[in-house]
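Q: Can you walk me through this chain? I'd like the overall layout, then the details.

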Amino acid sequence: MSLVLLYASSEASPCSIKGLPLVRNISELPQDSYGRPGLSHITVAGSVSHGMKEVEVWLQTFSPGSRTPIHRHSGEEVFVVLKGSGTLYLASSSHEMHPGKPQEYLIFSNSTFVIPVNDVHQVWNTNEHEDLQMLAIISRPPVKVFIYNDWSMPHTAAKLKFPYFWDEQCLQEPVKDEL
């Protein structure tokens, strides 16, 4: 049996699907912390870097004690916890003036959870002994994130971060005409 890799085209660019094989080894994809200590982020399939139109898929690993910022976005998000455990903080009060006190949910290996549109949330690796690794699937890419300083910050004061860290380089590169 022979192995054949299919390529989208012959021209390679780090921010384009061109030149990328349709079957890829995740361990060979670029990963970065994007200035967030304890984070390892890999865009497995994305709108900006891979031409996805409806969803993005991320592989994220959080070292013990690390966490996402308190944030919300206008897309739905599904998580699959691959290893480790931690805590999901979720404030489902998007109709209020501010997120308010979040509910806490234990997340663990082989669990999954869904974040509805605009619900303020935070994922935290509260396990002191092992990494928390998750696959995240988010709709409406590229993601526009609103970041909160704390749970009492008014929704209107949340800071928009767009493009988000892992999309910055690709959105700043000029797009070449494709014939």
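This is a predicted model: local features need pLDDT of at least 70, side-chain atom pairs count only at pLDDT 80 or more; totals for chains, interfaces and linings use all residues.

Q: Fine. What pattern does the chain follow along the sequence?
A: The order is β-α-β-β-β-β-β-β-β-β-β-β-α. That comes from two helices and 11 strands.

Q: Which strands form the open sheet, and in what order?
A: Five strands, in the order S1-S2-S9-S4-S7, with antiparallel pairing.

Q: On to the inside. Which residues have the most contacts inside the largest nonpolar core?
A: Phe-79, Leu-88, Ile-107, Phe-113, Val-123, Leu-132 and Met-134, in a core of 19 residues. At least two core residues come from each of S2, S4 (77-83), S5 (85-91), S7 and S9 (132-139).

Q: And which strand gives the most?
A: S9, with four residues.

Q: You listed Leu-132. What is Leu-132 in contact with, neighbours within four places aside?
A: Its partners include Phe-62, Val-81, Ile-107, Val-123 and Trp-124. Gln-60, Thr-61, Lys-83 and Asn-125 are also among them.

Q: Gln-60 again, the one opposite His-41. What about a second core, which residues does it include?
A: A separate core of eight residues includes Ile-70, Ala-91, Trp-151 and Met-153.

Q: Different topic. Which residue does the UniProt "glycosylation site" annotation cover?
A: Asn-110, according to the UniProt record, which is an unreviewed entry.

Q: Where does Asn-110 lie?
A: In the loop between S6 (103-108) and S7.

Q: Buried or exposed, and why?
A: Asn-110 counts as exposed because its relative accessibility is 73%, and the cut-off for exposed is over 50%.

Q: Last bit, the whole chain. What share is buried?
A: Buried residues are 42% of the 179 residues. The accessible surface is about 10,500 Å², and carbon and sulfur atoms account for 56% of that.

Q: What about contacts between residues 24 or more positions apart?
A: They make up 67% of the chain's contacts with a separation of 6 or more.

Key:
Residues are numbered from 1 along each chain as its sequence is written. Side-chain values use heavy atoms; hydrogens and water are left out. Two strands pair if DSSP finds at least two bridges between them. A nonpolar core is a set of buried Ala, Val, Leu, Ile, Met, Phe, Trp, Tyr and Cys residues joined through side-chain atoms within 4.5 Å. Buried means under 20% relative accessible area, exposed over 50%, partly exposed in between (1.4 Å probe, protein chains only). Contact means heavy atoms within 4.5 Å. UniProt positions are given in the numbering used here, feature names are shortened, and annotations may be inferred rather than shown by experiment. Accessible areas come from the Shrake-Rupley method with a 1.4 Å probe; for residues, only the protein chains shown count as cover.
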